[in-house]
Amino acid sequence: MKTQDFCYNGCRTHGDGKRGGTPMHISYQPLWNTLKEHGMRKEDLRLAAGLTTNMIANMGKGKNISMETLVRICEALNCGILDVIELEQDEKAEISN
């Protein structure tokens, strides 16, 4: 059984180092759902986790943030990483498969 690792641009590499698989991206939808469950707004999260408005904006655009920022969010919400992010297949890749 070959293992798969994620390369920097979201596509997977197989154990032999060759690229393949389906490109993926990080979704913050679990975070937005968690905020609703906690009765919080993005601004409340920003203040509780010590985030900048740019960090919140980047997450809203689906851009990557640092692991340190993810940890601060988890600590502020007292939740796990899966309550904040999830991996999703890129839509373009789904269409071509």
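This note goes through the predicted model from its overall make-up to a few local features.

1. **Overall make-up.** The protein has five helices and five strands. From the N terminus on, the order of elements is β-β-β-β-α-α-α-α-β-α.

2. **Burial and surface.** The protein has 97 residues, and 31% of them are buried. Its accessible surface comes to about 6700 Å². Carbon and sulfur atoms hold 51% of that surface.

3. **Helix α2.** This helix covers residues 42-49. Which of its residues are buried? They are L45, R46 and A49. Seen down the axis of α2, the buried residues fall within an arc of 105 degrees, so they line one face of the helix.

4. **What α2 packs against.** The buried residues of α2 pack against α1 (29-37), α3 (53-60) and α4. Note that R46 belongs to this buried set, together with L45 and A49.

5. **After α2.** G50 follows the helix. Its phi is positive, near 70 degrees.

6. **S27 in β4.** Strand β4 spans residues 24-27 and includes S27. Is S27 buried or exposed? S27 counts as buried because its relative accessibility is 10%, and the cut-off for buried is under 20%.

7. **Partners of S27.** The side chain of S27 reaches the backbone nitrogen of Q29 at 3.1 Å. Leaving aside residues up to four places away in sequence, S27 touches V84, I85, E86 and E88. Two of these partners, E86 and E88, fall in the range of β5 (86-89).

8. **N78.** Where does N78 lie? N78 sits in the loop between α4 (67-77) and β5 (86-89). Its phi is near 50 degrees, a positive value in a residue other than glycine. The relative accessible area of N78 is 72%, so N78 is exposed; the cut-off for exposed is over 50%.

9. One belongs to G50, after α2. Another belongs to N78, which is not a glycine. N78 is exposed, in the loop that leads from α4 to β5.

Conventions:
Residues numbered from 1 in each chain as written. Predicted model: local features only at pLDDT ≥ 70, side-chain atom pairs only at ≥ 80, totals over all residues. Heavy atoms only, no water. Helix = DSSP H or I, 4+ residues; strand = E, 2+ residues; numbered from the N terminus. Buried < 20%, exposed > 50% of the residue type's maximum accessible area, 1.4 Å probe, protein only. Arc of directions from axis to C-beta. Contact = heavy atoms within 4.5 Å. Polar contact = N/O pair within 3.5 Å; in protein donor to acceptor, adjacent residues only side chain to side chain. Areas by Shrake-Rupley, 256 points an atom, 1.4 Å probe, with all protein chains shown as cover.
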